[in-house]
Amino acid sequence: MSLKLRLETQPEVPLEADCLSPDRVQGLDAAAIAKLKVFYGNQQVELGEFFAVDGSGDEAIHIEGDLSRVKHVGSGMTYGHLKVEGNVGAHLGAGMSGGRIDVSGDSGDWVGPEMSGGRIVIHGSAGHMVGSGYRGSKVGIRGGEIIVFGNAGNEIGNTMRNGLIAIGGDAGDFVGVGMLAGTIIVLGQMGIRTGAGMKRGTIVSMQDIEPLPTFSYDCQFRPTFIRVYLQHLRALGMHVDERYLTGAYRRWSGDAVELNRGECLLFAG
Amino acid sequence: MNIDSVEIVDTFAEAFEMWASRMIITADSDRWAMAAARSVTGFATSIIGCKCEAGIEAKLDPTQTPDGRPGISVLLFSTSASGVGKRLVERVGQCVMTCPTTACYDGLPDADERAAVGSQLRYFGDGYQISKVVAGKRLWRIPVMDGEFLVEDAFGVQPAVGGGNILILGQDNSSTLAAAEAAVTAMSDIEGVILPFPDGIVRSGSKPSSKYKSLFVSTNDAYCPSLRGVVDGSQVAEGADCVYEIVIDGLDEKLVGDAMRVGMQAAAQNGAMQISAGNYGGGLGKYQINLHGLLE
């Protein structure tokens with residue numbers, strides 16, 4: 001039997017619930033899960049003070065409610081499927097290395113920071129720092145996929161080392177800042193200073209942007225790998241216009257202030 | 001046993017353990033996908049002289065390929081998993097990477113054995129190659145003069161069956177060839193098998209011995225009509241002046257047997273006099289595919 005949780009009491013300050021992960025509840029019954037400790041502000045309390053728990057812990061967790069003030073859901077997850085019906089707070093899937101998280105609503109900042117595997121799918125919008133490294137870290141996400149159907153904020157993919165971040169809507173400033181490798185795809189508009197300081201990696205934009213002066217134009221061509229990525233996004237349920245698969249892209253290399261081995265691919269029609 | 005009035009000889013095809021891989025070749029158009037597929041399956045008729053056997057398995061609709069472009073599925077067979085890997089690197093590198101607009105993907109993702117292909121060919125990129133991981137698969141982007149060649153890092157290799165066959169005996173060349181062509185057309189509809197010889201048909205069947213010390217194989221004199229009066233134990237039926245063979249390699253024994261069965265039925269309905277199969281007395285191959293067993 002899978003585990004079902006329902007948020008009964010809305011926390012007034014953020015609740016840090018890193019126990020909401022298949023790894024942490026595996027093999028526990030409802031009573032034991034309700035007694036798991038969470039941080040409520042600066043106090044440790046029991047999960048059951050906020051959530052109604054039904055079922056027992058296995059590979060699938062289903063959570064209902066507006067979890068906008070519940071942080072660290074799915075942190076450190078290595079396997080299984082966590083599904084949130086509603087919004088979710090910051091640090092979703094922090095450091096996860098496997099499994100899948102689906103969120104039907106929006107998520108807060110710091111989705112999947114420093115993750116190394118697995119997949120996070122946000123059907124709404126996400127905040128800032130999607131798939132980024134924490135402040136002071138040299139490396140952001142090292143693998144896995146973060147798919148946001150809506151918009152995202154600033155600094156998505158900050159120092160990312162590998163993996164895929166796809167944004168169905170718009171993204172803010174500094175997309176892929178300090179990027180080391182990996183792939184970022186944004187179907188909507190981007191803010192300013194895309195790819196600043198990137199060493200390697202790929203940023204794909206379907207809308208026109210003005211590349212930084214430290215990027216140099218290479219050519220216009222039809223990269224086959226983008227078709228593979230976009231087919232993958234379609235398979236995950238994201239709407240992708242056919243013209244993005246069949247069209248050409250302008251390649252800009254950069255950032256020359258770093259290795260100059262990264263690229264921005266701008267849809268050219 | 002007969003199909004209509006065509007005699008099916010009570011014998012078996014002797015087939016061998018092999019290893020197989022499947023390439024999915026795509027391109028901007030059918031023309032260039034087919035050009036690459038023809039090139040990569042060239043000079044791959046028999047393991048004896050070509051180090052591998054390969055053939056086109058099917059044309060693929062854009063909805064069936066990883067990048068949504070027209071594609072061709074190709075099967076390649078060799079005697080070992082490492083042999084398959086070597087041939088893939090040679091042939092993908094020389095015949096697919098060189099062909100305009102193409103990409104090449106693994107068609108056996110669930111196979112336990114993996115052969116390094118893209119991870120070898122990437123060095124052609126001279127340091128400018130780029131690795132991408134999508135849906136758990138690693139791809140290599142190798143810069144080339146029309147853009148990029150995209151190739152999957154590793155290809156699945158699985159145990160397979162090679163050397164299934166039928167022999168079609170007929171009254172003369174034209175009627176026997178027509179029967180063999182009909183058989184090839186019917187057999188080509190079966191996924192998971194290829195017919196590695198030119199358009200599926202071979203006229204120079206062989207036996208595994210020779211009077212010359214330097215040769216391991218020589219002409220299958222028992223089925224040469226011109227030697228009917230010369231060799232002892234000629235297998236050419238009375239009234240038959242032509243024999244064609246169809247060789248089948250498949251991903252498993254059942255698929256090879258299925259292809260042999262539909263091939264026999266089509267040949268029998270299109271002018272064959274007698275249908276037999278080639279074997280070496282059962283002493284060489286692991287598989288003995290009995291013709292009557294396939295039709296019962």
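**Figure 1. A salt bridge across the interface of chain B and chain A.** In this predicted model, the side chains of Arg141(B) and Glu263(A) meet in a salt bridge, with 2.5 Å from N to O; the term denotes a side-chain nitrogen of Lys or Arg within 4 Å of a carboxyl oxygen of Asp or Glu. The rule finds 1 salt bridge across the interface of chain B and chain A. Residue pairs in polar contact across this interface, both at pLDDT 80 or more, number 10. A polar contact is a pair of N or O atoms within 3.5 Å; within protein, one must be able to donate a hydrogen and the other to accept it, and residues adjacent in sequence count only if both atoms are side-chain atoms. Residues are numbered from 1 along each chain as its sequence is written, chains are lettered from A and ligands numbered from 1 in the order in which they are written, and side-chain values use heavy atoms, hydrogens and water being left out. Because the model is predicted, local features need pLDDT of at least 70 and side-chain atom pairs count only at pLDDT 80 or more, while totals for chains, interfaces and linings use all residues.

**Figure 2. The side of chain B that touches chain A.** Contact, defined as heavy atoms within 4.5 Å, involves 19 residues of chain B and 19 residues of chain A. About 1,500 Å² is buried between the two chains, and carbon and sulfur atoms give 53% of this area; buried area is the accessible area (1.4 Å probe) that two parts lose on being put together, summed over both. Lys132(B), Val134(B) and Arg141(B) supply 32% of the area that chain B buries against chain A, more than any other three residues. Across the interface there are 10 residue pairs in polar contact, both at pLDDT 80 or more. On chain B, β6 (103–106), β8 (130–134), β9 (137–144) and β10 (147–152) each supply at least two residues of the side that touches chain A. Strands are DSSP runs (E, at least two residues) and helices likewise (H or I, at least four), numbered from the N terminus. The largest share of this side, 4 residues, comes from β8(B). Its residues divide into 10 nonpolar, 4 polar and 5 charged, where Ala, Val, Leu, Ile, Met, Phe, Trp, Tyr, Cys and Pro count as nonpolar, Asp, Glu, Lys and Arg as charged, and the others, Gly among them, as polar.

**Figure 3. The salt bridge of Arg251(A) and Glu263(A).** The closest N and O atoms of Arg251(A) and Glu263(A) are 2.7 Å apart in this salt bridge. Arg251(A) lies in strand β16 and Glu263(A) in strand β17 (residues 262–267) of chain A, so the pair ties together parts that are 12 residues apart in sequence. Both residues are buried, a class that means under 20% relative accessible area, with exposed over 50% and partly exposed in between (1.4 Å probe, protein chains only).

**Figure 4. The surroundings of Glu57(B).** The side chains of Arg22(B) and Glu57(B) meet in a salt bridge of 2.8 Å, N to O. The pair links distant parts of the chain, Arg22(B) being in strand β3 (residues 12–26) and Glu57(B) in strand β4 of chain B, 35 residues apart. Strand β4 comprises residues 53–60. Glu57(B) is buried, with a relative accessible area of 7%. A polar contact of 2.4 Å joins its side chain to that of Ser73(B). Residues that Glu57(B) touches, not counting those up to four places away in sequence, include Val74(B), Leu75(B), Ser188(B) and Ile194(B).

**Figure 5. Aromatic pairs in chain A.** The whole structure holds 7 aromatic pairs over all chains. Rings of Phe, Tyr and Trp (its six-membered ring) pair if their centres lie within 6.5 Å; planes under 30 degrees apart count as stacked, over 60 as edge-to-face and the rest as tilted. The ring centres of Tyr217(A) and Trp252(A) are 5.5 Å apart and the planes stand at 65°, so this pair is edge-to-face. Tyr217(A) is in strand β15 (residues 216–221) and Trp252(A) in strand β16 (residues 249–254) of chain A, 35 residues apart. Tyr217(A) is partly exposed at 43% relative accessible area, whereas Trp252(A) is buried at 19%. Phe225(A) and Tyr229(A) also form an edge-to-face pair, 5.8 Å centre to centre with 90° between the planes. These two residues are separated by about one helical turn because they are 4 residues apart in helix α3 (residues 224–235) of chain A.
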